[in-house]
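Please open the model in a viewer and keep the sequence panel at hand. The stops below are given in the order in which they may be selected.

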Amino acid sequence: MIQSTTAGFHLVEATSARIQIYTFGTLRVVRDHLAVSEGDWHTRQARQLLKILLTERPRPVSTDLLIEILWPNSTPSAAATTLRSAINALRNVLEPDRPNRAPSKYIVTQAPGYAFHTTPDIWLDVEEFERRLNAVQSVVDPGVRLVLLEGAIELYQDDYLISDPYADWLQTERERLRERFFNALLLAAEFYAEMGRYAEAITACRRMLARDEVRENAYQGLMRYQAESGDSAGALLTYERCRSILSDELGADPSPVTQTLHQRILNGEIEPRPVVVSPAHASSLFATESVHLDTTLHAPPVLPARQLMPALDVSHASVFVGRENELAQLEAQIAAVEMGRGGLLILEGEAGIGKTRLAYHGLQHVAEKGLTAISATCQVLERELPFAPLVDGISRYLYGLPDLALRALPAASLAQIVPIIPGLQDRLYSYPVVSVEVAASPEENRLRLIDSIVNFLAALASARPLVLFLDDLQWADPDTLAVISRLSQRLADVPILLLIAYRSEDLSENDALGALLHSLNRVFAQSQLRLAPLNRAQVAELLIMQMGQDEERSRRLADLLHDATHGNALFVTETLRYLEEQGNALGDIAATVPASAGGGGWPQSFSLRRNQRVQETILERTLRLPLDAHSILNLCSVIGRDFSLELLEKASTQDPVNALSTLLQRRFLIERPDERLDFSHQVVRQAVYDNLNLLQRRRLHLAVAEALVDLGQADQNPGEAAFHFGQAGASYRLLAAEYNVLAGEKLLRTYGFRQAVDVFDRALEVLEQTPDAPASFVRRALEGRGLAFESLFDPEGITGTYRRLQAWARHHGDRSVLVATYSRLTTMLGLMGQQHESNVELRELLRALSGGDPYATPSHVLIDLLRRRELIYSQDDGDTEGWQAYVAATRPVAHPVDDLQRVLEPVHAVPPLFDYGWTLLVQGERRISSVGGHGTHPG
């Protein structure tokens with residue numbers, strides 16, 4: 001056994017024991033100089049057993065209590081068996097060479113359960129901690145007492161078994177040890193103050209406050225030591241902090257003792273005392289660190305290779321297309337930093353375009369080269385917090401460094417950034433705290449802190465080349481931008497690559513960033529990379545990577561994907577993710593894409609409207625808009641895509657000039673060359689529209705519809721007016737139907753026959769169910785529907801539509817429409833080869849012309865047409881043995897045009913006239929006079 005002696009007290013060294021057990025912080029067991037690994041424990045209960053037995057040592061813990069703590073829901077018999085198994089596993093961890101069934105040296109069976117026995121070959125940090133503190137009470141020599149206190153404080157790495165923060169069975173022991181630790185710090189601080197070493201005394205008080213910010217005796221000591229060291233202003237600030245925290249946390253004022261001390265400081269009753277700077281060999285709170293720092297003054301620190309990568313969805317981290325040139329430029333900058341040359345690269349692009357992904361793939365090369373990488377993201381909620389992203393990135397980097405590497409960094413650089421890095425002082429408690437100079441102005445202290453951060457980053461880069469990536473800079477606070485500006489002036493001298501990224505559409509929200517970028521672009525030529533959307537070929541490549549195949553249908557799917565997302569990388573990947581989450585194999589989806597353009601076979605599940613991440617990305621931007629801009633954006637989402645300025649002005653209830661300027665600056669809207677407006681993405685419009693409630697939508701749709709009417713655009717674009725009236729609520733359905741009729745008639749004139757059928761159907765759905773609907777619009781809708789089906793040569797559609805129109809004509813007593821309907825139906829059925837059905841309709845037409853009206857003049861053309869068609873299409877009588885006598889056809893009707901126009905309107909007389917002429921040709925009447933009133937003569 002190797003021991004150290006301090007004034008006659010024997011203190012066990014940890015390295016001399018066969019087993020070392022560390023309980024301050026997370027439980028660690030070292031056996032024969034090797035740490036017990038996770039796998040060595042075999043079961044979690046074995047580790048918990050050791051914690052319980054250590055806490056209760058040397059008292060035994062009953063079997064019932066162990067079962068109640070570890071297996072409260074198990075049956076007694078099952079729990080007893082499990083307990084015996086866990087005890088055996090624990091004994092095997094501590095004594096792996098113990099013979100089978102041999103008694104344990106450390107985990108002994110003792111009624112009413114089990115106990116932990118310490119032996120000379122076990123070193124336990126908590127016992128050594130208390131042994132040192134107990135020895136302090138028996139020693140008179142202040143130097144020896146301080147050495148004992150420092151040793152005990154060194155052992156207290158964290159609260160007792162902190163990995164079990166809510167375990168009731170150890171709370172009392174944890175609080176008892178914590179209190180002893182605080183008392184040791186107070187006593188050590190008192191010793192330091194008596195020796196004039198106020199930096200160490202102040203550090204000890206700060207260590208207490210870092211763990212318990214309402215400990216008033218620590219504030220008292222800190223105030224006194226600050227005042228005695230000549231920092232009265234710092235002492236007064238400490239009092240204000242004490243008063244504020246006690247009020248906020250406890251609702252109480254400082255005690256009379258603290259208030260009296262505060263008054264004495266105000267009155268100047270505490271005079272400064274000489275301050276002693278401890279030599280390197282003297283006893284100090286952490287003499288080992290002090291010696292180490294002295295040695296590192298003459299050599300650059302050695303840092304481990306460590307990289308903090310940007311947050312990225314790892315499930316798609318390997319998918320990277322379309323940024324080869326940009327990645328090559330980034331890699332060239334990284335290579336330059338590796339050679340010792342600093343640089344700047346600015347990534348610009350809209351939200352979701354791929355800036356972070358590009359930085360991620362670039363920083364992968366940083367990791368391969370063993371450089372340092374620190375990344376941080378500016379947050380919109382932290383725009384008012386000074387240095388927020390830098391504090392986050394530097395903190396995470398430093399917390400991941402081992403203590404030895406952390407303390408190898410220059411003390412001055414670390415000490416300067418301690419005030420802005422939460423918890424760093426607790427790991428660097430031997431470092432003097434750089435206090436704020438009260439005599440200086442706030443701006444002077446701010447500039448001093450900016451320089452401190454820049455100096456610290458430069459110190460890091462001198463040890464290992466550094467790449468600093470700051471994302472979403474459009475939300476950066478002014479102090480962070482000031483650090484970037486100051487650091488950019490040092491890039492010629494230090495190996496730092498400053499990589500920054502921002503959203504171009506949000507640049508107008510941060511004037512300070514705009515000014516910074518302007519100055520950087522003047523100094524650093526070719527430093528800006530503008531990321532454009534993916535083109536169709538790149539979207540296809542991305543899709544092929546996801547599908548693992550290169551097929552023509554996959555490329556057509558990529559075309560549709562590009563049309564929907566405009567090549568935004570985030571929207572593309574989120575669409576693919578959504579389809580996969582819905583259980584759709586991309587190969588199966590690609591197979592449903594039609595070979596022709598138009599996307600008629602596109603699955604309905606393809607929609608970014610249901611993708612939460614895309615919606616949140618867009619809505620997060622809209623929430624930061626001014627109220628007037630947000631209102632105009634809502635109106636634009638209802639108008640739709642590609643609209644005129646006149647329509648926006650007419651539909652808006654406010655002057656849209658300022659709001660429109662904001663929306664254009666932030667790239668929600670874009671201006672087209674034809675002086676029309678459009679959304680930057682259809683997905684943006686849809687997300688804004690979907691976020692409106694029902695009443696908002698109805699009112700805005702009505703405003704747009706009425707604006708179209710007032711501008712005279714409703715007659716030019718009746719379909720648009722019909723849509724908006726249709727979305728304005730039930731009160732405007734009839735008006736929407738009337739405009740749908742107009743829209744259908746316009747589609748007929750532009751050869752949109754299939755679309756016209758759909759529009760007429762929407763109109764008829766309302767018109768035929770509304771009692772007071774204008775009869776003329778019902779007739780026009782049915783007539784238009786019939787004409788559309790005629791153009792499509794759809795016999796069922798023609799027959800069904802004209803039957804409905806005949807019923808309407810009979811109901812309204814409109815003989816003209818009835819006759820015209822029979823006429824068109826007769827002709828169209830004949831043209832499509834349904835001669836029997838056509839003749840039936842022709843007979844019905846003749847009855848309609850002559851029956852029930854004594855003044856009706858039957859059409860000679862129609863009668864002759866029926867007779868000739870019956871002759872042509874009559875069935876053979878079956879006698880084919882002899883020749884049939886030739887029967888000459890009757891002479892055609894003279895003046896057929898005049899004859900038909902007596903019974904039919906000109907537009908409806910055309911089809912039967914065409915049918916009559918074609919029948920005459922079939923019968924050999926080849927020479928027919930022109931349609932002008934002259935007779936038709938046989939050839």
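Two strands are said to pair if DSSP finds at least two bridges between them; strands (E, at least two residues) and helices (H or I, at least four residues) are DSSP runs, numbered from the N terminus. This is a predicted model, in which local features need pLDDT of at least 70 and side-chain atom pairs count only at pLDDT 80 or more, while totals for chains, interfaces and linings use all residues. Residues are numbered from 1 along each chain as its sequence is written, and side-chain values use heavy atoms, with hydrogens and water left out.

Select strands β10 (residues 343-349) and β13 (residues 496-503): they run parallel and are joined by seven bridges. Within this pair, Gly-349 stands opposite Arg-503 of β13.

Contact means heavy atoms within 4.5 Å.

Now display the whole sheet. Its five strands form an open sheet in the order β11-β12-β13-β10-β14, with parallel pairing. Strands β11 (372-377) and β14 (528-530) stand at the edges with a single partner strand each, so one side of each has no neighbour in the sheet.

Finally, select Ser-452 in helix α19 (residues 442-463). Ser-452 counts as buried because its relative accessibility is 6%, buried meaning under 20% relative accessible area (1.4 Å probe, protein chains only). Leaving aside neighbours within four places in sequence, Ser-452 is in contact with Gln-416 and Ile-417.

Methods
Buried < 20%, exposed > 50% of the residue type's maximum accessible area, 1.4 Å probe, protein only.
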